[in-house]
Amino acid sequence: MKIRPYDRSSLWRAAFAERSEDPDRRDREALAEAYRQLRDRAGVLVGEIHAALPNLTVHDLTHADSLWDVTSEICGPDFKINPLEAFVLGASFLLHDAGMAFAAYRKGIMDIENSLEWRDAVVAAWKSRGVEDPTGHQREQPPSDVSDEAIFQVLRERHASQAKELAVALWTLPSGRALALVQNDDLLESYGLLIGDISASHHWPLPEVARYFGDSTPASAAWPRDWDVDGLTLASILRCADACAIDETRAPSFLYAIRKPVGVSKRHWNFQNKIYPAKRREDGLIFESKSSFQANEADDWWLCFDAIEVADRELRGVDALLADRRRRALAARRVIGAGDPDILSSSVKVSGWRPVNTLPKISDPSSIIERLGGKQLYGDEPIVPLRELIQNSVDAIRARRFVDPHFSPTSTERYPGQVLIEFERIPQSPEYWMIVEDNGIGMSERTITRSLLDFGTSFWASPAAARLYPGLPSERDFKPIGKFGIGFFSVFMYSDVVVVMSKEFRSGLDDWVLVSFQHGVRGRGDLSVVKMPKEISLPNANTRVKVRVGEDFLRSLSRRVWDVPRNDSLDDAQHSRLTARLSQLVCALDVRVTLRIDGNSISLNEPLIYEKDLETIWRLVNVDGKKDNSRQKNMLSLLATADRPYGYCGLNLGRYDHGAFKSVGGIVAINKYNERDPIVGVAEYGVSAANRSPENLAAPDEAISAWVKEQVKRVRKGKLSASEREHATWCLGRLVGDARPIFCVRTSEGALNLEQLVAAIGRTGSLTIPIYSYPTSASQRHFGGLSIQVFSSADAHEYQTELYLNPDEINFCGLTVVSTLLVPAFVADVDEEFDLMLKDDDLDQYRDLLSVVVKTLTERGTGFKVKYVPGANLGRYTGPDSPRHSLKGGDDIMFETLQIILVDGI
């Protein structure tokens with residue numbers, strides 16, 4: 001496509017046009033010629049971009065040339081620029097995108113494919129295809145589509161930083177002669193680095209540009225003294241011009257027809273092909289379309305809308321920055337119609353449809369944060385904010401182990417890093433500071449303001465993490481606990497006053513960033529950069545978070561509702577309970593955690609629990625130490641792969657009243673009392689919900705399979721009671737969907753394995769399974785229990801109290817399950833008998849008694865039916881009379897049941 005020559009632009013002429021009686025004529029000509037030479041060589045380099053990124057819009061020499069005209073519109077006809085500035089600015093036009101060519105790298109594509117960024121991009125591409133943990137082969141030899149996507153991402157991500165190197169880079173001929181892009185030695189030596197910085201800065205956030213570029217760079221001895229180079233202004237011009245260059249010069253029609261881009265690239269080509277170069281109207285730029293966007297091009301129009309919003313944001317931001325720094329103002333300060341579809345569509349026209357911005361809007365983000373980041377998500381559980389702060393510290397420490405070579409594990413310190421939890425009484429106040437401090441990776445001002453406070457965006461999954469720490473996102477052994485980007489906001493559930501102090505671990509001691517919140521999420525935080533606060537406790541600490549809480553909060557952290565009165569004071573006993581609870585919370589971490597209360601320090605854990613001996617683990621998990629749980633203790637075994645532990649646990653034998661210690665990345669979910677889990681001990685669990693509720697075992701299938709084999713062996717060899725073997729059976733079914741390897745069920749004929757039960761059914765012709773009905777929900781029934789509501793044969797009266805009967809005191813009518821286990825049944829809330837029609841998807845593998853029996857009979861070709869009988873006679877009561885329950889010997893025991901009845905026999 002033919003474009004207007006760059007040297008006819010008003011900005012070029014302002015710097016290089018001939019002047020009458022010009023004492024600096026030769027200098028102008030020398031700089032103009034130096035630019036032409038640089039343009040010739042840079043043109044070869046940017047001409048290679050298409051080979052690397054064939055679907056990209058035009059990034060060759062015509063793009064650099066067109067920026068002169070775009071800049072002329074933005075700056076206006078009265079903008080003053082000296083020739084040396086014009087050379088530096090023109091050089092940045094030429095080089096700012098040159099890093100997207102393979103030729104920009106010393107070893108070409110090999111440099112890309114050997115980079116940490118490449119490794120991260122390949123993993124990211126696999127994840128976008130639903131592969132969360134790619135194999136080694138998938139990472140090292142990705143298919144072409146994954147490889148192409150990774151190349152695109154790496155070149156896009158690195159092109160700005162690579163541009164910084166190109167201004168002073170050398171290319172060597174076979175003869176050994178070195179060639180540079182800038183051929184004038186004085187310009188290369190005096191301004192090469194500045195050109196590189198300006199070229200790279202178009203990809204930086206504007207505040208970083210403001211911090212980086214200070215005073216102007218003086219003219220070197222070869223040029224007039226008043227030709228200073230204002231790097232800040234030139235960097236501002238480059239970013240605005242590049243953002244506003246979204247027109248037909250980037251997508252010429254004939255080239256569009258030849259290249260035939262696909263996917264998202266096609267949308268970029270299409271909208272830019274329709275747009276005229278921007279014109280200035282007073283203080284605004286206006287974009288106009290050559291033809292209307294049809295209804296089938298609506299997505300392209302909205303892409304144009306978004307690009308124009310970016311251009312507008314750059315112009316407005318630069319205008320404010322230059323005004324603050326008292327620099328030359330640009331004539332264009334905004335884009336007309338940006339952000340308003342109605343106004344924009346009057347110049348970027350549409351036909352047959354009307355653009356209405358229906359993107360979701362959050363009018364009150366503080367309210368959303370309060371609702372979704374607080375008690376409505378986590379419940380009224382005071383441990384949550386502390387847990388989330390510890391989690392953030394642990395993630396930061398684990399990340400530092402990978403990115404800081406001085407923080408790697410050693411023979412003397414296998415698990416470097418430390419977390420300090422502190423409760424410090426505030427003088428002359430009933431309140432405390434709850435403090436969590438760590439020596440992890442730390443946070444810069446940008447990380448705090450853009451990532452920590454970005455609700456719903458996890459830093460570890462963000463592009464910012466990949467930019468700051470290349471290689472970390474693709475590190476297979478780095479699995480951050482934080483995934484959802486909302487955990488920090490849980491601190492505002494119980495406090496409006498929060499202080500965050502942090503510095504990135506590579507920063508100096510004077511670079512601490514302090515952000516203070518005094519009014520929760522509805523107030524603005526105060527930010528300052530300070531020297532290391534005196535209150536920092538840990539050696540080499542990088543983050544300290546303080547939350548102001550009341551004494552009630554501390555009391556609730558340690559309270560167990562059954563043993564601590566609500567008016568208890570914070571005494572030594574409560575401190576002990578708090579210590580015990582926090583010890584459980586952090587027991588599975590590979591990071592050392594210390595608790596400090598009122599100046600007294602206590603070690604809460606010893607990394608790593610899975611590497612400890614059985615006695616140590618049992619002392620931790622055996623909450624009720626008074627019970628004789630020796631058989632349960634002997635069930636515990638290691639759940640692990642060859643290179644990683646996932647738990648130390650065993651099948652629950654039914655003698656253990658507490659829930660399992662379910663660890664999510666080392667942070668343990670402390671379950672409610674009497675919650676029956678299928679396992680006892682400590683194990684890693686996965687999560688998918690934002691409230692981090694543990695779901696399924698995190699160990700891979702092969703590890704679980706090996707652990708199950710060991711558990712089956714221990715059940716078979718252990719001297720377990722029938723009740724324990726039965727309980728282990730159903731726990732195994734819940735875990736892996738197959739209870740058959742250790743099947744045991746207690747019946748009226750004693751404890752039977754699967755073969756014995758099938759034989760007994762064949763002999764008796766049926767199996768009766770009592771159903772236990774919860775008084776609170778008549779429709780939620782379970783079967784297998786003899787904790788019953790009794791019916792007497794005399795008056796069929798329903799008693800309101802539960803009576804636990806000894807199966808030995810019942811003369812059963814037939815083969816009957818007498819277990820007290822609760823095993824799901826599929827029944828309706830009706831009072832009449834009916835045949836239960838079970839479909840394949842009603843039976844969850846071999847998970848419970850009903851599914852094991854029904855599926856086994858089906859597999860063996862046995863004819864049967866399953867019948868629901870709401871008031872079946874189980875048998876006659878033979879025990880002592882119970883006047884309290886009007887129960888006497890000879891009464892029939894009536895019960896709600898399921899009956900499996902053979903049709904053909906076995």
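Residues are numbered from 1 along each chain as its sequence is written. In this predicted model, local features need pLDDT of at least 70 and side-chain atom pairs count only at pLDDT 80 or more, whereas totals for chains, interfaces and linings use all residues; side-chain values use heavy atoms, with hydrogens and water left out.

The secondary structure of the protein chain consists of 29 helices and 29 strands. Helices (H or I, at least four residues) and strands (E, at least two) are DSSP runs numbered from the N terminus. Of the 906 residues in the protein chain, 52% count as buried. Here buried means under 20% relative accessible area, exposed means over 50%, and partly exposed lies in between (1.4 Å probe, protein chains only). The protein chain exposes about 42,100 Å², and carbon and sulfur atoms supply 48% of this area. Accessible areas come from the Shrake-Rupley method with a 1.4 Å probe, and for residues only the protein chains shown count as cover. Among contacts between residues at least 6 apart in sequence, 68% join residues at least 24 apart; contact means heavy atoms within 4.5 Å.

Leu206 lies in helix H11 (residues 206–212) and is buried, with a relative accessible area of 19%. Not counting residues up to four places away in sequence, Leu206 touches Arg239, Gly317, Val318 and Leu321. The C-alpha atoms of Leu206 and Ser236 are separated by 8.5 Å, although the two residues are 30 apart along the chain. Thr447, in helix H20 (residues 445–452), is buried at 8% relative accessibility. With neighbours within four places in sequence set aside, Thr447 is in contact with Leu452, Phe459 and Leu468.

Side chains of opposite charge can pair when their charged atoms come close. A search of the whole structure finds 50 salt bridges, a salt bridge being a side-chain nitrogen of Lys or Arg within 4 Å of a carboxyl oxygen of Asp or Glu. One of them joins Asp22 and Arg28, with an N to O distance of 2.7 Å. Asp22 is buried at 15% relative accessible area, and Arg28 is buried at 11%.

Arg129 and Glu149 form another salt bridge, in which the closest N and O atoms are 2.8 Å apart. This pair links distant parts of the chain, 20 residues apart: Arg129 is in the loop between H7 and helix H8 (136–140), and Glu149 is in helix H9 (residues 144–166). Arg129 is partly exposed, with a relative accessible area of 34%, and Glu149 is partly exposed at 28%.

In the salt bridge between Lys274 and Glu297, the closest N and O atoms are 3.6 Å apart. Lys274 lies in the loop between helix H14 (263–273) and strand E3 (279–281), and Glu297 in the loop between strand E4 (284–286) and helix H15 (298–324), so the pair ties together parts that are 23 residues apart in sequence. Lys274 is buried, with a relative accessible area of 9%, and Glu297 is buried at 14%.

Salt bridges that share partners also join Glu422, Glu437, Glu535, Arg544, Lys546 and Arg596 into one network. Glu422 lies in strand E6 (residues 418–425) and counts as buried at 7% relative accessibility. Beyond four places in sequence, Glu422 touches Trp433, Met434, Ile435, Ser537, Arg544 and Arg596. Glu422 and Ile597 are 175 residues apart in sequence, and their C-alpha atoms are 5.9 Å apart in space.

Backbone geometry was also examined. Most residues other than glycine have a negative phi, and most peptide bonds are trans. Glu21, in the loop between helix H1 (10–16) and helix H2 (25–46), has a positive phi near 50 degrees. Glu21 is exposed, with a relative accessible area of 80%. Asn540 has a positive phi of about 60 degrees and lies in the loop between strand E10 (526–530) and strand E11 (543–549). Asn540 is exposed, with a relative accessible area of 63%. A cis peptide bond, with omega about -5 degrees, joins Pro607 and Leu608. Leu608 is located in the loop between strand E13 (600–603) and helix H24 (614–621).
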